[in-house]
Amino acid sequence: MFEDSLIESGGKLRTARGKTSTIAFIVQIVIIGVMILIPLMFTEALPKAMTMTFLAAPPPPPPPPPPPAAVKVVKQIETDIVNNQLRTPTKIPKKVEIIKEEEAPPPNMGVVGGVPGGVPGGQMNGVIGGIISSTPVAVPKVATPQRVRVSQGVSQGLLVRKVQPNYPPLARQARIQGSVLLQAVISKDGAIENLRLISGHPMLAPAALEAVKQWRYKPYILNGEPVEVETQIRVNFTLSGG
């Protein structure tokens with residue numbers, strides 16, 4: 001009786017296990033199929049990066065390398081001149097060129113570009129195309145200065161009237177002698193103007209100023225016109241009366 005129960009229970013167990021395995025296998029197939037169909041039906045749910053990877057075309061192949069540059073062949077021209085000097089030829093040329101120089105024009109036969117027969121009033125070795133004009137050319141007049149400075153020697157040569165100074169009695173008694181240097185302007189008519197003392201003894205200066213004021217000079221002529229002259233005048237005082 002116990003054996004019959006075991007045999008019956010064993011058959012039921014095998015049948016239940018086989019059904020369970022079949023059902024589980026079917027469920028797994030359905031789940032796998034659903035997981036495969038969902039991405040195909042709903043493409044928006046996929047990541048954009050993965051979608052772009054699937055849809056992007058492969059990049060084009062790189063361009064071919066450029067062809068090598070053509071090598072320029074420089075043809076060297078043979079010449080007989082090296083460093084501005086004529087070198088000795090290495091072979092005899094087949095043809096010798098004869099250079100014919102133009103003959104120089106005979107002398108006194110005119111020049112290129114000259115007028116046939118010449119031009120009246122021309123001159124020998126003159127400028128081509130030049131014409132000597134008989135009309136005098138006006139030379140611009142240089143402005144004459146109003147005043148010039150001359151040396152004592154020049155002004156001494158223009159002196160026409162010289163008044164000797166009176167020796168001061170006190171200076172004579174004190175045995176004072178020497179020279180007095182004055183600065184003066186000689187006017188256009190030869191008179192003394194702007195007379196002033198430069199150096200000299202104070203006892204001799206008044207007599208020198210008084211005497212030089214009376215001196216007269218010839219007008220100094222420059223460019224045909226009289227001008228004022230600025231100069232220095234020296235008056236000497238000596239006890240010997242010189």
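Visitor: Where is isoleucine 38 placed?

Guide: Helices here are DSSP runs of H or I, at least four residues; strands are runs of E, at least two; both are numbered from the N terminus. Isoleucine 38 sits in helix H1 (residues 2-41). This is a predicted model: local features need pLDDT of at least 70, side-chain atom pairs count only at pLDDT 80 or more, and totals for chains, interfaces and linings use all residues. Residues are numbered from 1 along each chain as its sequence is written, and side-chain values use heavy atoms, leaving out hydrogens and water.

Visitor: Is isoleucine 38 buried, partly exposed or exposed?

Guide: Buried means under 20% relative accessible area, exposed over 50%, partly exposed in between (1.4 Å probe, protein chains only). Isoleucine 38 counts as partly exposed because its relative accessibility is 44%.

Visitor: And serine 155: buried or exposed?

Guide: Serine 155 is buried, because its relative accessibility is 2%. It lies in helix H3 (residues 152-157).

Visitor: Which residues is serine 155 in contact with, beyond its neighbours within four places in sequence?

Guide: Contact means heavy atoms within 4.5 Å. For serine 155, these residues are Val150, Ile186, Tyr217, Thr231 and Gln232.

Visitor: Which residues touch the most other members of the largest nonpolar core?

Guide: A nonpolar core is a set of buried Ala, Val, Leu, Ile, Met, Phe, Trp, Tyr and Cys residues joined through side-chain atoms within 4.5 Å. The largest one has 25 residues; Trp215, Tyr217, Ile233 and Phe237 touch the most other members. Strand E9 (225-237) is among the elements that supply at least two residues of this core. E9 gives the most, with 5 residues.
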